[in-house]
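Try each task before reading its solution.

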Amino acid sequence: MSQMSKNVFSLVKLQIMFQEKALFAPLSMSLNGGELVAVMGPSGCGKSSLLAAIAGTLAPELSLHGDVLLEGHKVNDVPIEKRSIGLQYQQDLLFPHLSVAGNLLFGLARGDKKARIEKVTQALASADMKGFENRDVATLSGGQRARVSLLRTLLAKPKLLLLDEPFSRLDTDLRQDFRRFVFSQIQQMNVPAILVTHDQQDCPNDEFYDLSKASMIAVNTEPKAN
Amino acid sequence: MLYRNLLLITVAGLIFVLPISLGLLATWFPAIGYLPGLKGSEFSSNALQAVFSHPSTYSSLILSVSSALMATLSAFLLSQWLCMSLYRSRLWPLLKHSIAPLLAIPHLAFSVGLIFLIAPSGWFMRMLSPAITGFSIPPDWLIVNDNYALSLSAGLMLKEIPFFILMTLSALSHFDHRKTLLIAASLHYSHVEAWVKLIFPQIYSQLRLPLYAVLSYSLSVVDVAIVLGPNAPATFAVLINQWFNHSDIDYRLLGAAGASVMLLLVAVLIALIYALEIYLKNQSKQWLLTGPKLLVKGDFSTFLAKITLCVLLLLSFFSLLNLFVWSFSRQWRFPDAWPSRWSLKYWEKSWQQLIDPLQNTAIIGVSSALLALVICILLLQYQSSFKISIKRSWWMGLLYLPILVPQISFLFGIQVLLVRFNLEGSIASVIWVHLIFVLPYAYLTLSQVYLQFDDRYLQQGTILCQSKWRAFVLVKLVMLFKPIAFSFAVAFAVSVAQYLPSLYVGAGRVNTVTLESVALASGSDTRVSAVFALWQFMLPLLVYIAAIMIPQMCFRNRREL
């Protein structure tokens with residue numbers, strides 16, 4: 001890794017083209033470990049495509065311009081399974097044929113069996129879910145499922161976390177809890193993260209990047225519709 | 001609530017299971033010597049002993065088991081491999097769209113076409129001869145009807161791959177497989193490893209019954225085995241069929257005993273497959289969780305899968321094309337790649353011979369399909385209006401029973417019962433016996449869409465029409481016209497393809513296209529066989545096309561339907 005690049009993750013003049021038309025203005029940003037930026041914008045402005053481009057799953061009819069850099073390396077052409085980018089959707093996508101521990105072990109790299117199990121125990125404890133190892137994921141509450149899903153993503157040690165409206169399926173109370181959990185895990189794991197959302201309350205530091213306006217915008221400064 | 005569940009299960013049991021149970025019982029009694037009217041009424045194990053002392057039995061059994069296992073397991077593995085490897089390729093849409101036409105080809109027509117293609121005097125050999133092979137007369141090779149039942153296994157395998165792929169696609173539609181694979185990839189899993197560890201375990205529970213059904217079918221199939229299978233000895237199912245149709249009436253008991261052995265054999269093999277499944281599941285528990293490996297890239301596998309899919313499609317296409325070429329030929333000498341003289345003679349000739357069987361087939365097919373639809377819609381409507389949910393595995397097991405139990409193991413019993421009540425040989429009886437086999441397919445093709453129907457449409461309709469029945473017909477049935485029409489076509493096709501039910505219940509008086517095709521397939525004139533096999537193919541095809549076209553025409557200005 002180059003000593004020059006302080007930032008763990010950066011986008012350099014990123015653009016996504018559909019039939020030679022750009023979906024949004026060139027986007028450049030840099031994030032350090034533990035930093036989280038929220039991206040908002042009206043539907044159809046290219047939020048999902050942005051995440052797909054960063055993850056390496058862009059639909060073939062879309063083309064990518066500019067660079068995606070992880071730890072100073074250009075990863076535009078690295079396949080998703082070698083990119084080390086974590087994905088979190090609004091569905092938790094827990095694998096129903098595996099137990100809670102099974103789901104978490106699934107994401108862990110190969111290695112010593114005891115050490116792997118120890119990591120799972122620790123992760124569950126950090127989510128207030130001690131002793132849930134052998135539970136069937138179908139018996140968990142919505143909040144518990146969401147937490148296990150995030151833990152699974154983080155145990156794979158991603159270099160960047162992409163959150164695609166991860167809170168939108170939870171009701172208001174759970175949403176608060178899970179949001180706090182996600183933000184604290186991102187801090188603890190020291191991983192940069194991009195969050196796509198529709199809800200201004202999800203935005204950290206009361207600001208977000210508006211993809212259609214191509215600038216950072218403070219929450220609540222937009223004129224309210226009367 | 002409970003009594004409604006019980007009521008539904010009882011009614012479904014009466015319709016789906018009772019005829020089979022009666023047929024089985026009426027087969028088992030003769031198997032242990034009890035066949036009043038025909039034979040003495042003393043219980044004995046003579047018939048069973050006779051089965052095992054018959055000189056052909058053991059070799060027949062080995063042929064049956066080996067060909068069924070080979071066909072079923074290879075078709076299953078190949079279908080899974082094709083789905084896995086082609087999922088990310090550009091051929092995935094082709095795979096999805098080629099399933100329906102491949103399934104529409106009846107087993108029998110496909111087998112006849114395959115013979116004309118791969119036999120020593122077949123089209124392949126004609127294309128290569130004499131230029132490449134140097135043959136000016138067909139070589140004396142036993143390719144079709146070979147003594148190891150290899151051509152039978154191959155034919156069955158080719159025909160079951162599309163069925164397994166269809167079942168896999170349907171199982172995939174039950175969960176978000178695309179995102180599951182994305183998550184797995186982001187967790188450092190290669191596509192192959194992700195498929196094997198995440199997708200396959202999630203879809204297998206829905207592939208289990210189809211797998212057992214195919215195994216049972218391959219073990220007990222008679223028509224395809226007569227056409228493609230070995231002759232001396234034949235497979236066990238064919239042997240039983242010969243016993244049942246032997247001129248010496250004593251052989252009926254032998255047949256009944258053989259049929260009971262067949263049922264036992266199917267049960268044992270299914271149990272073995274189940275045991276294998278449990279064993280593999282336990283063995284793979286640790287391995288599932290050892291973490292990503294990132295070794296398998298799968299590019300070569302995708303390449304091979306593409307070729308395999310193309311070969312499969314081309315084989316099916318050429319089998320059919322070859323039937324057409326033969327049916328229009330007048331003279332086609334061996335090494336020539338094409339007929340030297342063409343004629344419509346055999347189509348014209350077949351027409352006179354066909355009017356009766358064609359009529360019967362159509363009447364039986366339409367009646368049994370319509371009856372099946374009415375019964376299924378009643379069951380489904382009851383299920384949806386009372387929101388009954390029965391444990392999926394139980395319910396499916398019940399509905400699958402007529403497909404799981406080998407036909408040959410209980411049709412003789414049904415024949416015995418019908419003879420008892422003087423109902424044998426009438427077209428109504430044949431319709432009824434077809435209904436047993438048509439029902440599960442009608443239900444399986446219709447149930448998902450029917451139960452997903454948003455009944456608030458019906459509510460609105462009832463308020464507006466002020467009549468439950470009118471709303472049901474004018475709103476629900478019309479909105480579901482497309483899937484109902486498709487289900488009808490599938491049911492009709494299943495009825496057309498039936499061989500044993502028509503043979504055992506028709507008593508030689510109700511001739512069908514399929515009966516004729518089997519009788520002629522082993523006959524001397526290729527052209528006549530080709531024409532009949534084509535009729536067996538075209539009849540369901542016409543109904544399929546109608547089932548797709550008519551709703552499209554009715555709703556041509558309605559994008560949502």
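A word on conventions: this is a predicted model, in which local features need pLDDT of at least 70, side-chain atom pairs count only at pLDDT 80 or more, and totals for chains, interfaces and linings use all residues. Residues are numbered from 1 along each chain as its sequence is written, while chains are lettered from A and ligands numbered from 1 in the order in which they are written.

**Exercise 1.** Find the place of A:Ser10 and decide whether A:Ser10 is buried or exposed.

*Solution.* Start with the strand: A:Ser10 sits in E1 (residues 9-18) of chain A; strands (E, at least two residues) and helices (H or I, at least four) are DSSP runs, numbered from the N terminus. Next, count neighbours: A:Ser10 is buried because it has 20 C-beta neighbours inside 10 Å. The cut-offs are 20 or more other C-beta atoms within 10 Å for buried, 12 or fewer for exposed, and partly exposed in between, with C-beta atoms placed from the backbone.

**Exercise 2.** Which residues of helix H22 of chain B are buried?

*Solution.* First, list them: B:Val513, B:Thr514, B:Leu515, B:Glu516, B:Ser517, B:Val518, B:Leu520 and B:Ala521. That is eight of the nine residues of H22 (residues 513-521), so the helix is largely enclosed by the rest of the structure.

**Exercise 3.** In what order do the six strands of the open sheet in chain A run?

*Solution.* Read across: E7-E8-E9-E4-E10-E11, with mixed pairing. Strands pair if DSSP finds at least two bridges between them. Then look inside: E4 (residues 36-40) and E9 (residues 193-196) of chain A pair in the parallel sense over four bridges.
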